[in-house]
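This report describes selected helices, their packing and a few individual residues. Please read it alongside the sequence and the model shown here.

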Amino acid sequence: MTFKRPKLNFWQIWHMNFGFFGIQFSFGLQQSNMSAIYKYLGADEASLPMLWLAGPITGLIIQPIIGAISDGTWSPKFGRRKPFFLIGAVISSIALIAMPFSSSLWMAASLLWILDASNNIAMEPYRAFVADKLVSEQHSLGFLMQSFFTGLGITLANFTPAILVALGLFAFTDKMSNGIPVYTYWAFFIGAVAAIGSVLISVLTTKEYPPTEQELEVMKREKEKGNVVFRTFNDITKAFKTMPQTMRQLIPMMFFTWYAMFCYWEYITSTLSISIFHTSDSTSDGFSKAQLLTGNLNGTYNIICFMVAFALVPLAYKIGAKGVHFIALTLGGLGLLAIPYLNNTDVLFHIYNPFGTSIQISTIYLYSFGLGISWASMMSMPYQLLAGSIPKEKRGVYMGIFNMFIVIPMALQIVTMQFFVYDLLGKNPINVIRLAGLFLIIGALLTLFIKVKHQNKV
C-alpha cells in the first residue's frame with residue numbers, strides 16, 4: 001500500500017529546513033573570504049581559479065555518491081537522510097575552525113577541499129529530504145524555504161567580519177601571523193557553531209517517514225546485488241541512462257548560470273579593489289577594505305534573497321517556475337554588467353535610525369538587488385522544475401547528479417579561466433565580472449526552452 005504523505009504546516013517546514021542555515025553560513029564564508037585568504041597567503045590573480053578547484057571536483061565526486069547511498073539507507077533510529085546532515089556538519093565545523101590558521105596556499109586549498117566535501121555530504125541529501133517529506137503542491141514552499149535560509153545564512157556569514165570590525169572588537173589592520181585578519185578567524189569560528197547548531201535543531205525536531213514494506217523490500221534486493229561501491233556505481237549509471245527530459249533540458253541553463261557565479265565569487269573582491277579603491281595590492285588597506293565591502297555587498301544580495309524568497313511562491317504559481325527564473329536571472333545579469341559603472345561615493349539613499357544618524361547606501365549596492373533576486377530563484381526554481389520529473393525512490397541519486405551540473409561548469413570555469421579566458425579578457429578582473437553578467441542573461445534565455453513534465457503527484 002502506498003503511503004500518503006500529509007501536508008505539513010509552515011513551522012514544520014521551517015524546522016526541517018533550518019539546518020540549511022548553517023550549511024549556507026559555511027558556503028557564505030567561502031564565497032566572500034577564500035580569494036582574500038589565498039591572496040593573503042601569497043597567491044596572484046591568475047592562480048585564483050585553480051585554487052578554487054577543490055570545490056567543484058569534490059562536489060562532482062561526492063554529490064551523486066552520497067545521493068545514491070542515502071537512497072538505499074534506512075535506520076529506524078537515525079533515519080534516511082539525517083545522518084548525512086549531521087556527519088557533514090561536524091566535519092564542516094572542524095574545517096571552518098582550522099581554515100584561518102592555514103600556513104600555506106596548499107593547506108588552505110586542502111581545507112577547502114574538506115570543507116566542500118562535508119558541505120556536500122550534508123546538502124545533497126537535504127534536497128532529497130524536502131522532496132521526501134512534502135507533497136508535490138508544497139515543493140515550491142519547501143525549496144523556497146531553503147532559499148530563505150540560504151539567503152539568511154550567507155547574509156550573516158558575509159556581514160559577520162564587518163560587524164566584528166564595526167563593533168570595535170577588531171580593527172581591519174589586526175592580522176594573525178600568517179597575514180590573515182583576526183576578524184576572519186572569529187567569523188569562521190562563528191560559522192562552525194552555526195553549522196553544527198542549526199543542523200542539530202533540524203535533526204532533533206523533524207522525523208523522517210519510514211519506507212513502506214514495498215520500499216524496504218526493494219532496498220533489501222538492491223543490497224543483495226553486491227557491496228555498496230558496486231550498487232552506488234550501478235545506481236548512478238542507470239540514472240544517467242534514464243535521465244528525464246526536463247533534467248536534460250536544464251543542463252545548458254545550469255552551465256551558463258554557475259559558470260557566471262564562480263566568475264563572480266572569484267573576482268568580485270579584486271574588481272572592487274581596482275574599480276573603487278584603485279589598487280590591486282593585497283597588502284594595502286584598500287584591498288582589506290575591498291574584502292569587507294565584498295562581505296557587505298554579498299550580504300546585501302542575500303538579504304534580498306531571503307526577503308523575496310516567499311514572494312516568489314505566489315509568482316511561481318501564477319507564471320510558472322520558468323517565468324520566475326527567466327526574470328530573476330535577467331535581473332542578476334544586468335546587475336553584474338552594471339558593477340563597473342557604480343561606485344562607493346555617490347549616495348543612493350539614507351537609512352535613518354532612532355539615534356538621529358543615518359547609514360549611507362551608495363550606488364555600488366544597486367547590483368546586489370538584482371543578484372539577490374537571481375540567487376533566490378537559483379536556489380529554488382531549478383529544483384522545483386526537477387523534483388516533479390524524477391522517480392521518488394531515486395531522488396537522492398538524481399539530486400546528486402543534478403548538482404553535478406553545478407560543479408561541472410565550475411570546474412570548466414576554473415580550467416578555462418586559468419589557461420585561456422583570463423588572458424583573453426586582458427587579465428582584468430572587471431572584464432571577468434562583465435562576462436559573468438552576460439552568462440546570466442544567456443542562462444535566462446535558455447530557461448525559456450525547458451519543457452516541464454511531471455512524474456510524481458504525491
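Helices (H or I, at least four residues) and strands (E, at least two) are taken as DSSP runs and numbered from the N terminus. Ser-35 lies in helix H2. The model is a predicted one, in which local features need pLDDT of at least 70 and side-chain atom pairs count only at pLDDT 80 or more, while totals for chains, interfaces and linings use all residues. Residues are numbered from 1 along each chain as its sequence is written, and side-chain values use heavy atoms, with hydrogens and water left out.

**Helix pairs**

Two packed helices are described by the angle between their axes and the distance between the axes. Here axes are lines fitted to C-alpha atoms, for helices over the stretch in contact, and angles run from 0 to 180 degrees between N-to-C directions.

Helix H2 (residues 19–40) and helix H12 (residues 285–308) have axes that come within 9 Å and cross at roughly 165°. That makes H2 roughly antiparallel to H12, a term for angles over 145 degrees, as against roughly parallel (under 35), roughly perpendicular (65 to 115) and oblique (the rest). The crossing of H2 and H12 is right-handed; a crossing has this hand if the near helix is turned clockwise from the far one by less than a right angle, and is left-handed if anticlockwise. Contact means heavy atoms within 4.5 Å, and on the H2 side Gln-31, Ser-32, Asn-33, Ala-36, Lys-39 and Tyr-40 meet residues of H12 including Phe-287, Gln-291 and Tyr-301. By class, this contact of H2 with H12 has four nonpolar, eight polar and one charged residues, where Ala, Val, Leu, Ile, Met, Phe, Trp, Tyr, Cys and Pro count as nonpolar, Asp, Glu, Lys and Arg as charged, and the others, Gly among them, as polar.

For helix H13 (residues 312–338) and helix H17 (residues 429–447), the axes come within 7 Å and cross at roughly 165°. That makes H13 roughly antiparallel to H17, and H13 passes H17 in a left-handed crossing. The residues of the contact of H13 with H17 divide into 12 nonpolar, seven polar and two charged. Among the H13 residues that take part are Lys-322, Phe-326 and Leu-329, and among those of H17 are Ile-433, Arg-434 and Leu-440.

**An enclosed helix**

Helix H14 (residues 366–378) has 13 residues and reaches 19 Å from its first C-alpha to its last, close to the 18 Å expected at 1.5 Å a residue; the expected span is 1.5 Å times one less than the number of residues. Because 10 of its 13 residues are buried, H14 is largely enclosed by the rest of the structure. Buried means under 20% relative accessible area, exposed over 50% and partly exposed in between (1.4 Å probe, protein chains only). The buried residues of H14 include Tyr-367, Trp-375 and Met-378.

**Individual buried residues**

| Residue | Relative accessible area | Contacts |
|---|---|---|
| Ser-35 | 4% | Leu-48, Trp-52, Trp-265 and Glu-266 |
| Ala-192 | 4% | Ser-93, Leu-96 and Ile-97 |
| Thr-279 | 17% | Ser-273, Ile-274, Ser-284, Gly-286 and Phe-287 |

Ser-35 and Leu-48 are 13 residues apart in sequence and 6.6 Å apart in space, C-alpha to C-alpha. Ala-192 has its place in helix H8 (residues 182–205), and between Ala-192 and Ile-91 there are 9.5 Å in space, C-alpha to C-alpha, with the two 101 residues apart in sequence. Thr-279, by contrast, is in the loop between helix H11 (245–275) and H12.
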